[in-house]
Structures are given as C-alpha cells and as structure tokens.
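This report describes a protein model, moving from its strands to a pocket. Please keep the sequence and the structure in view while reading.

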Amino acid sequence: MHDLLVIAAYAAAGAALAGLLGAFALRLLRNRSVALAVAVVPTVSVAAMLAGTLSVAWAMFLSSHDLRVIILVCAMAAVVSLTVALLLGRRVVAGSRALASATRALGDGAGLTPFTAPDGAPTAELAELGRELAATSAKLAASRQRERALEASRRELVAWISHDLRTPLAGLRAMAEALEDGIADDPARYHAQIRTEVERLSAMVGDLFELSRIQAGALPLSPARISVYDLVGDAIAGADALAREHGVRLIGHGVEPVPVEVDGREMTRVLANLLVNAIHRTPADGTVAVAAHREANSVVLSVTDGCGGIPPEDLPRVFDTGWRGTGARTPPAGAGLGLAIVRGIVEAHHGYAAVRNVPGGCRFDVVLPAAPN
C-alpha cells in the first residue's frame, strides 16, 4: 500500500507540473488562433501522462529498455492526438472565419442585407451564435422598418400640423387686427371666436405633448383596480353633451363589471378619444354603442360607430401618428393624434388596440389584461 501511495504521489506531481505548463501556454496563446489552443489540450494530456510515467519510472528504477518503450508509446499517442486536434482546430477556425465573414457582410451592407448563417457549423456553440445573429438581424430589420414608418408618419404629421396651425393663426391675426383698428362690427363675437380658436390650438398642443411623452416611453402611469363598468359610465357621461349636440344616440350595452388594473385618468382619455371620434364620424340620428366583456385573460372594450366603414386599404394606418381619413382633412377635424394617443396609452398598459369594419360603420376594440382575481 505504501508503494502505491508513493507511485500515485509521483504521478500526481508530474501531471500537475504538465498541467501548470499547459495553463501557462494557454494564457500566452489567449489572443492567437483557436487551433493552437485546441492543440494545447491533447499536448497537455500526453505531457501529463508522460511526466507521471517518467516520474514513476525514475522512482522505480525501470530498465532503460522499458523506459524507451514507454516514451515511444507516449510519443505515438502525442502524434495521433496532435493530428486530430489540428484537424478539429482547422474546422473550428474555418467555421469561425465563415461566421465572421457573414457578420462583416451584414455590417458593410449597413444592415440592409439580412444575415444568413453559414451552413455546417463545426460546433454547437458556433451554430447557436449563428442563430442568435440571424435573430438579431431580423429584429434590426423590423426595427428599421418601424423607424422608417415612424419617420414617414412624422413628416406627414408635420405637414398636416403646419397646415392646421396656419389657418387658425391667420384667423386670429385678422380678428386681432380688426379689433385693434376698431373696425369689428361685433367685438363680443370676435372675442368668442378668438377664445374658441385658442382652445382648439391649446388642445392640439396638449395632444402633441402627450404623444411625445408616449413615444419617449415617459408616460407616467398610476395603475389601480377599477371596474370597467365605472370607466364606461364616466366616459359616456363625459361625451353625452357632444352626442346631443350632434344628434347622435350614445348607448352602453353589454358592459360587464369586470375589474382591470389601469390608470383611470389615462384610460378615461382613451375612451373619450374613441367616443369623440365616433360621434364626429356618425351622422345625425345615428348610434354610437359602447360595450365591454371578458375574454379568457383579457378585457375587451369596444366602441362601434355609424361612419359607414373605413376603406380596407386604410385600416392598417388608422392608429398611425397624424393619419386622418379623407373626410377629415379639413378643420375642425384636429391633428389626427387622437387614435395614435389611444394606441400609445393602451400599449403602455400591455394591451393593444384594433379596428375592423362592421355593417354600417366600424368597431374599435381596446384589449387589456384582466386584473387577477
């Protein structure tokens, strides 16, 4: 037993020395080709076996013939191991270079060309890296597409805002000059009109500020558990006067008292925007209906109007910033921000907004996560 312990100690000492030298070699080669690093591993293994064997042979006083046989066997093992390691290293290096070339092509093309991972990756890690780069390339492409669409909508919004601001500002200037020169026939009427235009401009600026906060992700929310029944009731009460003015019937039917966790003030604005939009688009003697019900883990609030429907080609753009239908291009239609604000607020609550045509009009749906029981 004592002899075995001594042999084990000598073998461990020799192998440890080879391992330390191998670790030092790997540190020196950390910035070199992976093929060299792969070759070091079998070299260390063979060297550890040889060092341990030589240590034991020296301690046991083996004959020179036996020692040469052991060294020859270790040398053959080293040659075979290094050959296999170099072949594997070349495959890994070739796969790495192919992946680097594909990645470089993605960068040189400013990300316009989708990334395609090279076939036949030599290792699972390189194959996984290729899949991750392909997924990242797809996400970047989608992000660039959204950015281009957003930039186009912003340019369109600036053009429309400029047009909408120019008309009331010109009117305000003309009325102010008439009052200043004392040629206004009815100053009280001019004052009322100025107040109306200022309120309209203030509402437009307020919508722009709200939209900028939404797009910057800086919309402050204070969620609280609220019944959908109360939200719909408050929204209908707030829009009732406008509906009466336009001769539109405003009804709420099928409103289930299901709870949601939302910011009451912001969600009231969502419903108010939808109701105002529906009332303006519905002809006199028409009906605007509000409903709410639960579907699985979601709560669906819907506003149905009598606008006659939206052209199918315009449906995907309804919630875009600055979009307005053909019949809404003239005042007092607003800046086309209401529905964009609706979508932004709903998405900030981890929900989504949708629109579809129904017989006689269209239906706007706001889908929100249901509050936990």
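His293 is found in strand E4; helices (H or I, at least four residues) and strands (E, at least two) are DSSP runs, numbered from the N terminus. The model is a predicted one, in which local features need pLDDT of at least 70 and side-chain atom pairs count only at pLDDT 80 or more, while totals for chains, interfaces and linings use all residues. Residues are numbered from 1 along each chain as its sequence is written, and side-chain values use heavy atoms, with hydrogens and water left out.

With a relative accessible area of 21%, His293 is partly exposed. On this scale buried means under 20% relative accessible area, exposed means over 50%, and partly exposed lies in between (1.4 Å probe, protein chains only). Not counting residues up to four places away in sequence, His293 touches Glu256, Ser298, Val299, Val300 and Arg363; a contact means heavy atoms within 4.5 Å. His293 and Val367 are 74 residues apart in sequence, and their C-alpha atoms are 9.9 Å apart in space.

## The protein as a whole

The secondary structure comes to eight helices and seven strands. Of the 373 residues in the protein, 33% are buried. Among contacts between residues at least 6 apart in sequence, 71% join residues at least 24 apart.

## The sheet of five strands

In which order do the strands of the open sheet of five strands stand? The order is E2-E4-E5-E7-E6, and the pairing is mixed. Two strands pair if DSSP finds at least two bridges between them. Strand E2 (249-255) and strand E6 (352-358) stand at the edges with a single partner strand each, so one side of each has no neighbour in the sheet. On average, neighbouring strands of this sheet are turned by 20° against each other, direction ignored. Axes are lines fitted to C-alpha atoms, for helices over the stretch in contact, and angles run from 0 to 180 degrees between N-to-C directions.

| Strands | Sense | Bridges |
|---|---|---|
| E2 and E4 (residues 287-295) | parallel | five bridges |
| E6 and E7 | antiparallel | seven bridges |
| E1 (residues 224-227) and E3 | antiparallel | four bridges |

Val255 stands opposite Ala292 in E4. The bridge partner of Asn357 is Cys362 in E7, and that of Ser227 is Pro259 in E3. The hairpin of E6 and E7 has two residues between the strands, and Gly360 takes a positive phi near 90° there.

Leaving aside residues up to four places away in sequence, Ser302 touches Ala289, Val290, Ala291, Arg363, Phe364 and Asp365.

Helix H7 (residues 264-281) lies across E2, E4, E5 and strand E7 (361-369), and runs at about 175° to E7.

Asp285 is found in the loop between H7 and E4. Its phi is near 70°, a positive value in a residue other than glycine, and Asp285 is exposed, with a relative accessible area of 60%. Ala296 lies in the loop between E4 and E5. Ala296 has a positive phi near 55°, again in a residue other than glycine, and is exposed, with a relative accessible area of 68%.

## The second largest pocket

Rolling a probe the size of a water molecule over the atoms shows where empty space is left. A pocket is an open set of points on a 1 Å grid over the protein atoms alone where a 1.4 Å probe fits, with protein on both sides within 12 Å along at least five of seven lines; lining residues have an atom within 4 Å of a point.

About 460 Å³ of space lies in the second largest pocket, a volume being the space filled by probe spheres set on the points, which are joined across faces, edges and corners. It is lined by 18 residues, of which Leu150, Gln215, Thr321, Arg343 and Glu347 are the closest to its centre. Helix H4 (124-181), helix H5 (187-215) and helix H8 (338-348) are the elements that give two or more residues to this lining. H8 gives the most, with five residues.

The lining divides into nine nonpolar, five polar and four charged residues. Here Ala, Val, Leu, Ile, Met, Phe, Trp, Tyr, Cys and Pro count as nonpolar, Asp, Glu, Lys and Arg as charged, and the others, Gly among them, as polar.
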